[in-house]
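Here are my notes after a look through the model you sent over.

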Amino acid sequence: MVYVTLAGAILAEILGTTSMKYSDGFTKLVPTLITAAGYLVAFVLLAQALKSMPVGTAYAIWSGAGTAAIALIGVVFIGESVTAAKILGLLLVICGVVVLNLGGAH
């Protein structure tokens with residue numbers, strides 16, 4: 001169940017960050033409200049996950065999965081460029097999360 005909670009936190013953070021892009025510096029009301037709600041839900045769910053997960057593992061998964069998803073959304077939906085450095089960086093983030101989950105954060 002803790003991984004479902006963490007997945008919810010990740011999805012909420014992705015929604016909040018994507019909405020932030022469309023808030024135009026918090027000048028558009030609806031994307032701004034979605035950003036705030038997304039981050040509120042993300043932190044509440046992350047806090048719940050931390051009750052039964054090591055903080056290093058939970059935060060690595062939350063931030064790593066969120067970073068990878070937002071980078072992918074940027075490329076696929078927002079038209080951001082794909083570079084070798086961006087791909088390498090994402091692979092390193094994913095590798096770091098995997099290593100932490102294999103026992104490095106316990």
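**Notes on the helix packing**

1. Start with α2 and α3: their axes come within 10 Å and cross at roughly 150 degrees. That makes α2 roughly antiparallel to α3, given that angles over 145 degrees count as roughly antiparallel, those under 35 as roughly parallel, 65 to 115 as roughly perpendicular and the rest as oblique. The crossing of α2 and α3 is right-handed; a crossing is called right-handed if the near helix is turned clockwise from the far one by less than a right angle, and left-handed if anticlockwise. The axes are lines fitted to C-alpha atoms, for helices over the stretch in contact, with angles from 0 to 180 degrees between N-to-C directions.

2. A word on where this comes from: it is a predicted model, in which local features need pLDDT of at least 70 and side-chain atom pairs count only at pLDDT 80 or more, while totals for chains, interfaces and linings use all residues. Residues are numbered from 1 along each chain as its sequence is written, and side-chain values use heavy atoms, with hydrogens and water left out.

3. Which residues bring α2 and α3 together? From α2 there are A42, F43 and L46, and they meet A58, Y59 and W62 of α3 (contact means heavy atoms within 4.5 Å). By class, the α2 and α3 contact divides into six nonpolar residues, no polar and no charged. Here Ala, Val, Leu, Ile, Met, Phe, Trp, Tyr, Cys and Pro count as nonpolar, Asp, Glu, Lys and Arg as charged, and the others, Gly among them, as polar.

4. Stepping back, the chain has four helices and zero strands, so named because helices are DSSP runs of H or I with at least four residues and strands are runs of E with at least two, numbered from the N terminus. The order from the N terminus on is α-α-α-α. The C-alpha atoms fill a box of roughly 40 × 35 × 20 Å along the principal axes. Of the 106 residues, 29% count as buried, where buried means under 20% relative accessible area, exposed means over 50%, and partly exposed is in between (1.4 Å probe, protein chains only). Among contacts between residues at least 6 apart in sequence, 62% join residues at least 24 apart.

5. Now α1 and α2. Their axes come within 7 Å and cross at roughly 160 degrees. That makes α1 roughly antiparallel to α2, and their crossing is left-handed. By class, this contact has 15 nonpolar, eight polar and one charged residues.

6. How do α1 and α3 cross? Helix α1 (residues 2–22) and helix α3 (residues 55–76) have axes that come within 9 Å and cross at roughly 40 degrees. The two are therefore oblique to each other, and the crossing is right-handed. On the α1 side the contact includes Y3, L6 and I10, and on the α3 side it includes W62, G66 and I73. The class count for α1 with α3 is twelve nonpolar, three polar and one charged.

7. Have a look at L45, which lies in helix α2 (residues 29–49). L45 touches T5, G8 and A9, leaving aside residues up to four places away in sequence. Even so, L45 counts as partly exposed, at 26% relative accessibility. The C-alpha atoms of L45 and S63 are 18 residues apart along the chain and separated by 13 Å.

8. For background, most residues other than glycine have a negative phi.

9. Last, the charged pairs. How many salt bridges are there? The count comes to one, taking a salt bridge as a side-chain nitrogen of Lys or Arg within 4 Å of a carboxyl oxygen of Asp or Glu. It joins the side chains of K86 and E80, at 3.8 Å from N to O. K86 is partly exposed, with a relative accessible area of 28%, and E80 is partly exposed as well, at 37%.
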